[in-house]
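Hello,

Please find the structure below, handed over for your use. My notes on it follow.

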Amino acid sequence: MKSRILIIGACGQIGTELTMALRARFGADKVVASDIREGDAQFMREGHFELLDATDFEAVEDIIFRYKVDTVYLMAAMLSAIAERFPSKAWDLNMNSLFHILNIAKDGKVKKVFWPSSIAVFGGTTPSQNTPQTTVMEPSTVYGISKQTGERWCEYYYKKFGVDVRSIRYPGLISYTTEPGGGTTDYAVDIYHRALKHGQYRCFLKEGTVLPMMYMEDAIKATIGIMDAKAEDIKIRSSYNLAGVSYAPEDVAESIKKHIPDFKISYDIDFRQSIADTWPESIDDSEARKDWGWSHSFDLESITKIMLDNLRDRYS
Ligand code: AKB
């Protein structure tokens, strides 16, 4: 029997859409979704699913063995805002889940690994405009520190043991299918839900807070794209910068107003502002474009139209 793909954290924001894309591409039988909680009924019906705690080494190894898994997408993680509330739990999840998979791959039990990093690896001392691939990185959040450390371990396992691990630094991701859970960029999804439900949105980041963002379809394309690339084309084994669009809350509000003219935004800043203040405004992703042909397709106007068109059905 041909080997299968395992997605750990398959019911999260990226995991859900990634699972659907991989099922569509390879067939449902070839994909094993796993998470600490179940997904919705349709998601559960459409393919293999296993309840899995990503920090449980034996359980992870057992699923890899039982399903003859050769490729792992490790999407389980605690995001920036929530990780500040549960620092040791976040460190435990974000680091141990990675070690488990890297060690299993080192023993030759899986061939290829995808692990997500984030723009959170950058910090207040990083150049914030067109942030280079290689630059100062002094992250100030638990999440950012875990992602930066994870990047170092990925490169180490590649260089020392030949583990074929690939990674990208995701910006904030926008999707109507799944909601983000506990990030600093969550406002950029929530704003569309509130615009349709209440005609207004109170934003926890202040006006002028420009952050890198990306439509989920682009993010899934990048994720599958880097995994499809020939091993010799993946020159960076820590994690690739990845860029889509950059905008501030008032830019989203303006684009929503083109569809909902009475929409209003107000501001009620909380602790997430201090996280956002340390993150870049825009990203130089020329290495990803050069090495494995990455390009993005969606700008803010197209994202807004897709989000409103698709969410409108849900709220009408
Ligand atoms: C977050 O806000 O924590 C995430 C991220 C940028 O990694 N969306």
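**The sheet and its surroundings**

In this predicted model, 6 strands make up an open sheet with parallel pairing, in the order β3-β2-β1-β4-β5-β7. Two strands pair if DSSP finds at least two bridges between them; helices (H or I, at least four residues) and strands (E, at least two) are DSSP runs, numbered from the N terminus. The edges are β3 (48–51) and β7 (164–166), each with a single partner strand, so one side of each has no neighbour in the sheet. From one strand to the next, the twist averages 20°.

Strand β4 (residues 69–74) and strand β5 (residues 112–114) run parallel and are joined by 3 bridges. Tyr 73 stands opposite Phe 114 in β5. Helix α8 (residues 216–228) lies across β4, β5 and β7, and runs at about 155° to β5. Axes are lines fitted to C-alpha atoms, for helices over the stretch in contact, and angles run from 0 to 180 degrees between N-to-C directions.

On conventions: residues are numbered from 1 along each chain as its sequence is written, and side-chain values use heavy atoms, with hydrogens and water left out. Because the model is predicted, local features need pLDDT of at least 70 and side-chain atom pairs count only at pLDDT 80 or more, while totals for chains, interfaces and linings use all residues.

**A helix pair**

Helix α9 (residues 249–257) packs against helix α12 (residues 300–315) at an angle of about 60°, the axes being 10 Å apart. That makes α9 oblique to α12 (under 35 degrees is roughly parallel, over 145 roughly antiparallel, 65 to 115 roughly perpendicular, the rest oblique). On the α9 side, the contact (heavy atoms within 4.5 Å) is made by Asp 251, Val 252, Ser 255 and Ile 256, and on the α12 side by Leu 300, Glu 301, Thr 304 and Leu 308. These residues divide into 4 nonpolar, 2 polar and 2 charged (Ala, Val, Leu, Ile, Met, Phe, Trp, Tyr, Cys and Pro count as nonpolar, Asp, Glu, Lys and Arg as charged, the others, Gly among them, as polar).

**Two backbone angles to check**

Most residues other than glycine have a negative phi. Lys 68, in the loop between α3 (57–66) and β4, has a positive phi near 50°. Lys 68 is partly exposed, at 44% relative accessible area (buried is under 20%, exposed over 50%, partly exposed in between, with a 1.4 Å probe and protein chains only). Asn 130, in the loop between β6 (117–118) and α6 (142–161), also has a positive phi near 50°.

Regards
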